[in-house]
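Thanks for coming, everyone. Let me put the model on the screen, and then we will walk through it together.

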Amino acid sequence: MRIVVDLNRCQGYAQCVYLAHEIFKLNGAEALTYEPNPDDARRLQVERAAAACPVQAIMIDRLDGAERGAPS
Amino acid sequence: MTMSATLAELVRDFKANGRIVIVGASLAGLRAAEALREEGFSGSLTIIGDEPYEPYDRPPLSKQVLKGWVPADHTLLPRFRELDAQWRLGVAATGLDRATRQVRLADGEQVPYHRLLIATGTRARQWPNPTEAALEGVFSLRSRDDAARLQRALAERPSRVLVIGGGFIGSEVASVCRELDIPVTVAERGSAPLVGALGGVIGEIAAEMQRDHGVDLRCGVGVSSLEGDTRGHVRRARLSDGTTVEADVVLAALGSIRNVEWLEGSGLAAGFWGVGCDAGGRAFDINGVVTDTVYVAGDVARAPHVLYEYQFLAMEHWDNAVFGAEVAAHNMVSLEPDYRPHLLLPGFWSGQFGVNIKSVGVPPFGDEIVFTQGSVKERRFVAAYGRRGRIVAAVSFDHGKWLEYYARLIEQSAPFPPPPPGWDRPDVMKPVPAEFPAPGVPTAIPDVVLTGHDPSGRSAEFRPRGR
Ligand SMILES: Cc1cc2nc3c(=O)[nH]c(=O)nc-3n(C[C@H](O)[C@H](O)[C@H](O)COP(=O)(O)OP(=O)(O)OC[C@H]3O[C@@H](n4cnc5c(N)ncnc54)[C@H](O)[C@@H]3O)c2cc1C
Ligand code: SF4
């Protein structure tokens with residue numbers, strides 16, 4: 001799966017880190033880093049983290065790989 | 001039929017049967033394509049990109065990817081809807097003919113359009129000496145391939161990395177080197193790191209931060225030459241102060257060049273500084289007249305901004321690519337009364353040395369700075385930038401939660417120094433000069449000349465200067 005975090009919006013509250021620490025990590029006090037393409041097995045965990053984000057900064061793929069458009 | 005009914009019919013027809021071509025298959029290109037479909041455009045959509053990959057995100061490249069935590073190919077951007085688009089990836093656009101409305105591709109194909117979006121972004125400025133740039137171990141960083149190569153080089157634990165240029169990317173790479181416990185030298189021609197983006201006062205704080213983390217930071221020096229060993233691997237750099245640095249990995253972090261060469265001869269206001277467009281994303285032609293069919297978004301765009309005295313700003317930031325793409329897409333399928341302006345208050349973030357640096361507004365537009373919250377000593381603070389008694393930007397170190405407050409002040413053209421939100425005020429709150437370097441004289445700007453005499457024959461022409 002694919003995600004992106006709008007780090008302009010993110011305020012480093014770290015709720016996502018508690019819910020999915022393999023995917024989201026804080027580097028220091030508030031600099032968030034994350035794995036943009038986590039394993040599909042983590043989807044539920046990542047969705048929970050996205051739902052918990054107080055500023056809704058975590059955006060998740062809404063396609064299941066159906067029509068992504070491969071190199072022609 | 002009334003006039004407005006006819007126009008509405010035209011828009012409906014265009015949305016159903018029009019042909020839109022997007023050149024540049026990255027952040028701005030992808031988000032524009034999604035926005036077009038969201039706006040109800042169901043006509044033909046072609047996305048042309050010279051990289052062989054699906055759109056991916058660049059900010060992780062200089063951070064989690066270099067660190068070795070995230071593979072470079074794990075940066076693909078999420079998709080928010082079906083596009084039903086023709087993707088032409090791995091092939092560059094090499095020309096634009098506005099008279100026949102066709103984009104020419106490197107493989108000779110001509111792609112016709114009714115509306116075109118230019119989203120070709122920028123590329124990394126390479127080390128200027130081609131022989132030295134070709135030495136093994138010399139890198140630049142813009143693409144996913146660049147990041148994969150540099151990451152491999154760092155994983156081999158070089159004896160020292162030399163970063164040429166202390167801007168955001170150079171500083172982030174230096175930070176990663178220290179996190180990996182690799183010795184690193186940063187050579188910055190200006191007085192401090194980040195000085196171009198945030199000024200000398202903040203630059204000094206960034207410099208201290210780098211040195212505290214063990215970076216061998218050299219400011220006010222340039223790199224004069226790179227030297228390789230007999231196997232063609234870089235080993236040493238000579239600096240303008242006569243010193244040398246032994247390094248087996250060199251990153252040229254010299255800023256960016258806009259990808260506009262393919263537009264040469266198209267008659268658009270495209271050049272060294274990007275593609276000029278109005279605040280609705282409509283490209284200007286070379287005479288400064290706005291076009292109806294060509295739009296621009298992302299790093300390559302340059303548009304006047306109401307909050308900054310209508311100066312033409314290029315905002316090479318992630319949020320500008322996303323929002324600019326959405327605005328351009330909307331306007332591409334709308335009539336004038338419904339046009340939307342791209343009135344983004346620019347924002348930026350950068351993670352380095354464990355500190356979250358964020359800004360809103362346009363710091364280099366200010367000439368004064370004042371610390372309004374927190375403590376410089378603890379590197380947790382907010383500072384505001386002002387110009388002529390008005391707040392124009394703010395920067396935070398590990399104090400990002402407060403930027404929203406300053407963003408509202410900037411949008412309202414609030415006075416400078418601004419009223420702090422009444423929390424953790426520093427002892428001294430006195431504006432000082434922000435110490436931005438004088439704008440450098442760009443070297444490769446072409447002359448623009450006027451040609452023709454009678455009103456219908458008068459136009460401008462670019463005369464590229466010899467390099
Ligand atoms: C290492 C790195 C770290 C960054 N970190 C941050 C950050 O922390 N915060 C932040 O706000 N921003 C950051 N940025 C900036 C951000 O990534 C850019 O603002 C964003 O990528 C701009 O998107 P774009 O689509 O306009 O341009 P680009 O991403 O540059 O995409 C342009 C695309 O067009 C292609 N192209 C060019 N010419 C042609 C042609 N003739 N034909 C076909 N295709 C062509 C290019 O190859 C490229 O794929 C960073 C950038 C880099 C490189
Ligand atoms: S929960 Fe949201 S705001 Fe908090 S760190 Fe994660 S992404 Fe950022």
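This is a predicted model: local features need pLDDT of at least 70, side-chain atom pairs count only at pLDDT 80 or more; totals for chains, interfaces and linings use all residues.

A search of the whole structure turns up zero disulfides, over all chains. A quick reminder: a disulfide is a covalent bond between the sulfur atoms of two cysteines. Take C177(B) as an example. Which cysteine sulfur is closest to the sulfur of C177(B)? The one in C219(B), and it is 16 Å away. The cut-off for a disulfide is 2.5 Å between the sulfurs. So C177(B) and C219(B) are too far apart for a bond.

Is C177(B) buried or exposed? Its relative accessibility is 0%, so C177(B) counts as buried. C277(B) comes out at 2% relative accessibility, so C277(B) counts as buried too. The cut-off for buried is under 20%.

Next, the annotation on chain B. The UniProt record, an unreviewed entry, gives "domain: FAD/NAD(P)-binding" for residues 19-322 of chain B. In the model, that span is 21% helix and 31% strand.

Let's take the pairs one at a time. Strand 13 of chain B and strand 14 of chain B are antiparallel, with five bridges. Here, S225(B) stands opposite R238(B), which belongs to strand 14. The hairpin of these strands has five residues between them. In that hairpin, G232(B) takes a positive phi, near 80 degrees.

On to the second pair. How many bridges join strand 14 of chain B to strand 15 of chain B? Three, and again the strands run antiparallel. Strand 14 spans residues 234-239. R236(B) has E246(B) as its bridge partner in strand 15. A237(B) is partnered with V245(B), also in strand 15. This hairpin has four residues between the strands. G242(B) is the residue with a positive phi here, near 90 degrees.

Now bring in the other chain. Chain A has 72 residues, and 51% of them count as buried. Its secondary structure comes to two helices and four strands. Read from the N terminus, the elements go β-α-β-β-α-β. Consider the contacts in chain A with a separation of 6 or more. Of these, 57% are between residues 24 or more positions apart.

Last topic: where the chains meet. The size of an interface is often given as the accessible area lost when the parts come together. For chain B and chain A, that is about 3200 Å², with 49% of it on carbon and sulfur atoms. Which residues of chain B supply more of its buried area than any other three? They are W69(B), F80(B) and K401(B), with 21% of what chain B buries against chain A. The contact takes 41 residues from chain B and 35 residues from chain A.

That's my tour. Over to you for questions.

Conventions: Residues are numbered from 1 along each chain as its sequence is written. Chains are lettered from A and ligands numbered from 1 in the order in which they are written. Side-chain values use heavy atoms; hydrogens and water are left out. Two strands pair if DSSP finds at least two bridges between them. Buried means under 20% relative accessible area, exposed over 50%, partly exposed in between (1.4 Å probe, protein chains only). UniProt positions are given in the numbering used here, feature names are shortened, and annotations may be inferred rather than shown by experiment. Contact means heavy atoms within 4.5 Å. Buried area is the accessible area (1.4 Å probe) that two parts lose on being put together, summed over both.
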